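Please open the model in a viewer with side chains displayed. The tour below moves from one selection to the next and states what is found at each stop.

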Amino acid sequence: MSGGDIRVTLQPFGTVFHMPAGHSLADHLIVHGVEFPCGGRGRCRGCRVRVLEGSLQETPADSAQLKSGELRAGWRLACQARPESDVTIELRQWTALILADDTEFPFIPGEGLGIAVDVGTTTLVAQILDLSSARILGTETALNPQARFGADVMSRIGASADSASAGRMRTVVRDAIAGMVTKLCSRVQAKSRVVRASIVGNTAMHHFFLGFPLEPLAAYPFTPKHLEGVDLTGSELGWTGPAASASARFLPNLGGFVGSDILGVILATGLHRAAAGTAAGGADLGTNGEIIFTSRGAITVASTAAGPAFEGARISQGMRAAPGAIDRVVIEEGKMVAHVIGGMEAGGICGSGLVDAVACGLEAGLIEPSGLLPAGKLPVRGEVALTRQDIREVQLAKGAIAAGIVILMREMGIVEADLAAFHLAGAFGNSLDIGNSRRIGLLSFPADKVKPAGNAALLGAKMTLFMPDGGRKACEDIISRVRHVSLETSPDFQDLFAEKMAFPEGG
Amino acid sequence: MADLETLKKAVEAGKRKDAEAAATAALAAGVAPGDLVSKALIPAMASVGEKFQKGEAFVPEMLVSAKAMKAAMEIIRPKLVGTSYQPLGKIIIGTVRGDLHDIGKNLVKMMMEGAGFEVVDLGVNVEPEKFVEAVKQHSPQVLAMSALLTTTMLSMPETIKALKGAGLREKVKVIIGGAPITDSFSKEIGADGYKPDAFSAATLAKELVGKK
C-alpha cells in the first residue's frame, strides 16, 4: 500500500479495495455495480451509503439531499464522497428494499435466495437476493459474449442463420450466465437454495437464449412467433450447487423486438399504474432504443434501433462507461473540461460524455446546428477527440429516438403538457445530463419531468421474484394492454427522422 | 447566366419555393429547358453530393435539396417534351425483400436523378421476381439494389440468379449498396459494382452507361 492510499470496506459482503486518499469514491464504486441515477451530480439520493466505521465529510449536496436524521446516522452521497482515511460503508442499494423509495408492491417475504438476470445485448447483469429481506447480496456484470458475432442484434441474427451457429449463440450466453450465477453463489457462501430466478431480455435475446428460430425477426414484418415466457430449472441452464434446483423463468416479450426487459421497465417505473387521466412515458436508451408511452390505461411500445452509438460503439474513440472513459464534459471559462472515470488519462468517451461533448460543442459554436464540424475535429481531452463522422453518428442515433418519441406520442394522442413523467432507464439513461440531452435535441421534456430509472429492467425482474405467482398475473395484465408499434412502417418516419437529425439552434 | 445561377443556388440551399420561382422565371426569360437541367439542377445536386461525401452536408441537407430539385423539375419537365434533352439513361432502384429501410435508397435515387437519370423506384421489400419483371418492362441500363440488414442482403444474389434465368443478366448493369454491403460481397455475387455513398453510386452509374 503506497503512502496516501486508504482502505475501503463495502458491506454487506465485506469487499475490500484500496484507493488514493481524497479521490472520488464514486469512480471506484462503478465497477462494483453501484448505480448513480443522476449521474453523480448530487441531485438525487440514489447512491447514498452509510458510514459504519471511519468518516466521510458532509458536503453541501449531502445536506441538500439527506434528512438531518440520516446525516447523523452516517448517510452520505457516494458521488460526493472523497474519503481521506480508511472507511467501512454500507451501500443503500444493497441493504434497503430493492425498490425505488416510493414504489409499492406486494412484497411477500420468502425463504431462500433469488436471482435476477438482465440479458442485455451488450451487457449481462445478474444479482442474487435474500428472499426474506429483499436485500441484494451480490452483483455480477459481464459483456455479452455474443458480441463477437456482432455488436447489434441484426448482425447476430444474420450470423446465426444455420442451426449450428444459432446453437453457439445460445451456448455462449447460457455459459456466461451460468458462470455469473456460480460466482454469485460462492460470493455469498450460499447456505440456502436459490429458489427462483427471473430473466429478462429483448426478443432477440429471448430467442437466442431459449433456442427459438430467429428467421421471423430477420426480415419484414419482423413479427416473432414466440412471445411467451418459458420456465426452466437451474440445472437445465447449467447452474450448479445451490442454484441447480432453482425455478427459472424467462419473462414474456411485448411484441416485435421489444421484450421482457421493457416489461421489467414498465413494472419497475410503475408506468402501468399511471393515475387515470395522466400520461407518462419512458425510454431504455441502450442499443435498441425502446420507447414506452401510456395514456388512459393503454400502453404503446416501440424500438428505434437507434444503434449502439450511445453505448460507445461506432464512435471513433467510443467506449463503455468504465475507468478511462470521459463521462462528463462542461465548459469552464470558455474551455471544455472533461471528467474521466477513475481519474486517469482519458482513453475514450462513453455515451454520457458524448452527449455532453456535443452539447458543449454546440454552445461553443464549434458544431453548427446542421451538424457540420468545420474544424474537422473536436478535441475533448488529451488524445480523445470527436470526428465529423462521430457527430453524424450522434445525429442518426438521436434523430431516430426523437422521431420515435414524436410518432408514439402522436399514436397515443399525447402532447408534452399531458406527461406526468418520462422515465429514463438503461445504464446510459442513468448518467445522461438532461439539460444537455435537450440541447442536442435527443429529448425535449423539461428536466423536472425526466426521472432517472437506473437498470429498471433488472429491477422489474427482481420485483417478480417477490410476487406470489412469479409475476405471471402482473405481466399478463401489462401484455394485454400493450400495443407494439412498428416505427419503420410509419409513413411519417423518414421525414421526421431527417428533421430530427439537425441540432436545435442555440438561444 | 443569372437565371441559371439563381436556380442552382436555390437547389443547393434546399429552398423549394425559390427554386420553383427561379425555374419559372428562367423559362419565361427564354432559357432552354435542357440547359436548366444540365447547367443548373445537375451541377447543384453534384455539389451537394460532393459535400455529403466529404461530411460537410448530411442527410437533411440532401433531402431538402432533392425536394427543391424535384419541385423545379415539375415545372421544367413539360417544357422538355419536343426538345433534344435526353436523360442519361434509365435506372430501376429498390430496397430488397424483407427490408424496409429507404432513406439510403432514396438518397441514391435523388443523386441519380440529380445526375440526369430517369429513375423508376420500386419501393421497399421488393421480391427478386419483381426486380426481374421491372427490368423486362422498362429495359433500364442499370438495376440498383439496396439492403440495410445483414439478413436481407442475401436476396441480392437471388435476384442476380433470377435475372440470369430470365436471360436478362447481360442486358443490365447491377449495382448494390447499403450498410452491410462490401466490395468483396459485390464481387462474390457477381454484381457490377458497389459504392458506399449516394454520390459515388450516381457517378458509378454514369460510368457504367459510358458517360463521365
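This is a predicted model: local features need pLDDT of at least 70, side-chain atom pairs count only at pLDDT 80 or more; totals for chains, interfaces and linings use all residues.

Residues are numbered from 1 along each chain as its sequence is written, chains are lettered from A and ligands numbered from 1 in the order in which they are written, and side-chain values use heavy atoms, with hydrogens and water left out.

**Aromatic pairs**

Over all chains, the structure holds six aromatic pairs. Rings of Phe, Tyr and Trp (its six-membered ring) pair if their centres lie within 6.5 Å; planes under 30 degrees apart count as stacked, over 60 as edge-to-face and the rest as tilted.

Select Phe293(A) and Phe422(A), a tilted pair at 5.8 Å centre to centre with 45 degrees between the planes. Phe293(A) belongs to strand S13 (residues 290-295) and Phe422(A) to strand S20 (residues 419-425) of chain A, so the pair ties together parts that are 129 residues apart in sequence. Helices (H or I, at least four residues) and strands (E, at least two) are DSSP runs, numbered from the N terminus. Both residues, Phe293(A) and Phe422(A), are buried (under 20% relative accessible area, 1.4 Å probe, protein chains only).

Next, select Phe493(A) and Phe497(A), which are stacked at 5.4 Å centre to centre with 25 degrees between the planes. Both lie in helix H15 (residues 493-501) of chain A, four residues apart, about one turn of the helix.

**Charges over rings**

Select Arg48(A), which lies over the face of Trp75(A) at 5.7 Å from the ring centre. Then turn to Arg174(A), placed over the face of Phe209(A) at 5.0 Å from the ring centre. A charge sits over a ring if NZ of Lys or CZ of Arg is within 6 Å of the ring centre and within 35 degrees of the ring normal.

**Chain B against chain A**

Display both chains: 21 residues of chain B are in contact (heavy atoms within 4.5 Å) with 21 residues of chain A.

Conventions:
Buried means under 20% relative accessible area, exposed over 50%, partly exposed in between (1.4 Å probe, protein chains only).
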